Structures are given as structure tokens and as C-alpha cells.
Amino acid sequence: MNALKTNISLVKNVSRYTIQENALSNFSYILDSLNISKDAYVLFFVDDYFKSNSLDIEVNREHSFVFIDTKIEPSTNGIDKILAELKEQSISPDAIVGVGGGATMDTAKAISNLYTNGGNAEDYQGWDLVKVPGVYKIAVPTILGTGAESTRTCVMTNYRTGLKLGMNSDHTVYDAIIYDNSLSKTVERNQYFWTGMDAYIHSFESLSGSYRNIIGDSFSEKSIDLCKKAFSSGDMMSDENRSLLMIGSYLGGCAIATSYVGIVHPLSAGLSVVFGTHHCVANCIVMRAMEEFYPDYYSEFWEFVVKNNITIPEGVCKDSDDQEFEKLYNASIIHEKPLTNALGKDFKSILTMEKVKQLFLKM
Ligand code: NAD
Ligand code: ZN
């Protein structure tokens, strides 16, 4: 049986969004506009970069902040721990705001679902397991590319099962996105590139697969167009290019909600599970081995790297032994849907153990 669904499901998108300069210093107005009650308790999850580089957040409702350490990507245990600590303090929010990158926005999504659905994070890893809507949630991206603000998942690693999988559910979709172009100014250049490329990679993987539909294709094509403009200009972090990437990220997230990724993401997940490499830099490392699968996007990607003078780690598997290659193979090949999308249902006859080892050796 084909592993891919051949119909477009009833897709849910984020229903409200706005683009505003200095949105956080005017957050009460935004909460008013979203009809969040004056009595509401607002819980902010904030990337811990902003702990020492404080944000000017103005909010005239009862609220508190949880700072998210992004050194390690979200895990099911980590999410359960944060929730337990919040409950210990008797915090019961009416609205949740995720201010940060994919890691922080995903943490906010997961906690929102758990508050109303009960249980543990791992209970909802999979498709359509979340039963009821989470706490009302608002995304405020501060780094752009993953599309976590617009997708229906929140990625978590489960160290017990070895599974890196999110709560894929309509209930995981944010209720509102607040875009403030000034927030991404301070991102370190390499990190900005690696994360930005996630939107480009999501989109070209969808466009290159066998599971296509006109809605997904349209999102992907426009996302690629915006990424190309932003990364070929030579000044990828100008005000204008950050605003192009902001929308490229949003559209890239919408694209994968109606389609599947391809070969890059499964191999990238292999690096994340075996070495703990963060998602976006792992994707860029995988691009070292992608010439035979995506020749045009491969060339363009490396032109962007040179143009923006970006560092992509190299030789990451040079000391790996057979046991480690087996782990890398297993953690990659498990992603049946994107690999079927890219290579057909017999993908394992193309991606043999030896072939996958050769690909990792190119990284
Ligand atoms: P991140 O959230 O891990 O942040 C990356 C780094 O940028 C961190 O060091 C952070 O402190 C820093 N940072 C963020 N904003 C900053 C700012 N304005 N100024 C200075 N530094 C800033 O990065 P990411 O690449 O956005 O997200 C990766 C995560 O997203 C992974 O956990 C991945 O699994 C997940 N992801 C989720 C989806 C989804 O659909 N939900 C899609 C792709 C990836
Ligand atoms: Zn991605």
C-alpha cells in the first residue's frame, strides 16, 4: 500500500496574523484586538537569549515568563517537566505566547495542548491524537525559517523511544501570529542562514516529490521565490530581506502542512538523533550530499552559502564506525512518508545501508 495520502486533508491555517513594528511594546493593544479578556492570565514562553538582552514587553494583564533554554531541542521529558513546574506554582493560563524560534514556539504549542488534554507529551506524538483545543496561543517569531508559527506540529525528541516526532494536530496550529520584523535583527549570521534555509528546503523537497497538489505547490513556489530574493542579494539580514524571509517562513510552513518533505529531512533527523545536531544546521550539513538528488537546488544552496560567507560544518561522520552508521541509517530510514514522497515506495532499494553510509561520509 502506498504510504502517502493521495487527498488533501481539510487543512487548518492560523486564523489571525498581523505585522507590526515594536509589537511587544504594544502587546496590551494586540491582546485587546484578539479579544483576550482583561482578566486573562497570560503565560509567555521566551527564548532565553532575551533573558540577558531584555525585551520591552508591555502587557496590562496578569502574566509571567518562562525562559526556554534552546541548547537542547525540545524533548517529551523536558516538556513534561516544564508543565509540572507550572502546575506546582498553580499557574493556569488563559493565553500562551511563544516568543522565540522553533524550539520556543514548539514548547509553547506542546504545553498549550497538554494543559487542556492532560497526560504526558509522548501520549500525543503522532497524528491527530490531541482530542480538544489547547489554551489559546499566540506566536511571536524572533528567528525565521522553520515555519513553526504556521505548521500543525511541535517537534519533540522522545529519548525513551528514540522518536523525533511532534503532536501533528489541528489543535497544534497557533491561533494568531504577531510578526515584528525588528525582533530578528540580533540573530547571529550563521544561525540566521541555517534557520532561514529550513523554509527553502521544506519548499523544494515538497516541490520535488511525487505527492503534489496545487495548494502546496503554490505555497512552496512563493516561499522559494522569497528565500531566493533574501539570500541572493548579498545582504541577507537587511530590513527588507528579513521581512521577505518572515513571509517565506510562514509560507514554507503552510506548504509542508499540505505535502511532505523529501530526503534532506530524514537524513537530518539521523544527525539530530545520533549526534544531537540541531535541526536547521543539520539540514545544511545534509546538503553536502544532495547533488545527485536535487542538482539545481544543490547548486543554488551553495551559491547562497558563498554569497553570504556562511560556515557549514564538515566531516561530521569522519570518525563514525559501523555501529554508528547503522544508528544513522536506522534513524533516517524510519521516515517512510518523506522518503516515499522523494524516491517511491521502494526507497530502501535506493537508500541501502552502504549508500546511506556513503552519503553521511560526504557530510
Ligand atoms: P531555535 O529556536 O533553536 O533558536 C536558535 C538559536 O537562535 C538559539 O540559540 C536562540 O537563542 C537564538 N535566537 C532566537 N531568536 C534570536 C534573536 N532574535 N536574536 C538572537 N538570537 C536569537 O531555532 P530554530 O532554528 O528557529 O528552531 C529549531 C527548532 O524548530 C528545532 O527544535 C526543530 O525541531 C523545530 N522545528 C519545528 C517545526 C514545526 O513545524 N513545528 C519545523 C521545523 C523545525
Ligand atoms: Zn525543517
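1. In which helix do Lys81 and Glu85 both lie, and how many residues apart are they? Both belong to helix H3, which spans residues 76-88, and they are separated by 4 residues, about one turn of the helix. In this predicted model, the two form a salt bridge whose closest N and O atoms are 3.7 Å apart. Lys81 is exposed, at 56% relative accessible area, whereas Glu85 is partly exposed, at 39%.

2. The count of salt bridges comes to 17. One of them pairs Asp32 with Arg61, with 2.6 Å between the closest N and O atoms. Asp32 lies in helix H1 and Arg61 in the loop between helix H2 (49-52) and strand S3 (62-68), so this pair ties together parts that are 29 residues apart in sequence. Asp32 is partly exposed at 31% relative accessibility; Arg61, at 4%, is buried.

3. A further salt bridge joins Asp170 and Arg152, the closest N and O atoms being 3.2 Å apart. Asp170 is in the loop between strands S8 (163-168) and S9 (176-179), while Arg152 is in the loop between S6 and strand S7 (155-158), so that distant parts of the chain, 18 residues apart, are linked. Asp170 counts as partly exposed, because its relative accessibility is 28%.

4. Asn35 sits in the loop between helix H1 (27-33) and strand S2 (41-47) and is exposed at 68% relative accessibility. Asp128 occupies the loop between strands S5 (126-127) and S6 (136-141) and is partly exposed at 49%.

Note on methods:
Residues are numbered from 1 along each chain as its sequence is written. Chains are lettered from A and ligands numbered from 1 in the order in which they are written. This is a predicted model: local features need pLDDT of at least 70, side-chain atom pairs count only at pLDDT 80 or more; totals for chains, interfaces and linings use all residues. Side-chain values use heavy atoms; hydrogens and water are left out. Helices (H or I, at least four residues) and strands (E, at least two) are DSSP runs, numbered from the N terminus. Buried means under 20% relative accessible area, exposed over 50%, partly exposed in between (1.4 Å probe, protein chains only). A salt bridge is a side-chain nitrogen of Lys or Arg within 4 Å of a carboxyl oxygen of Asp or Glu.
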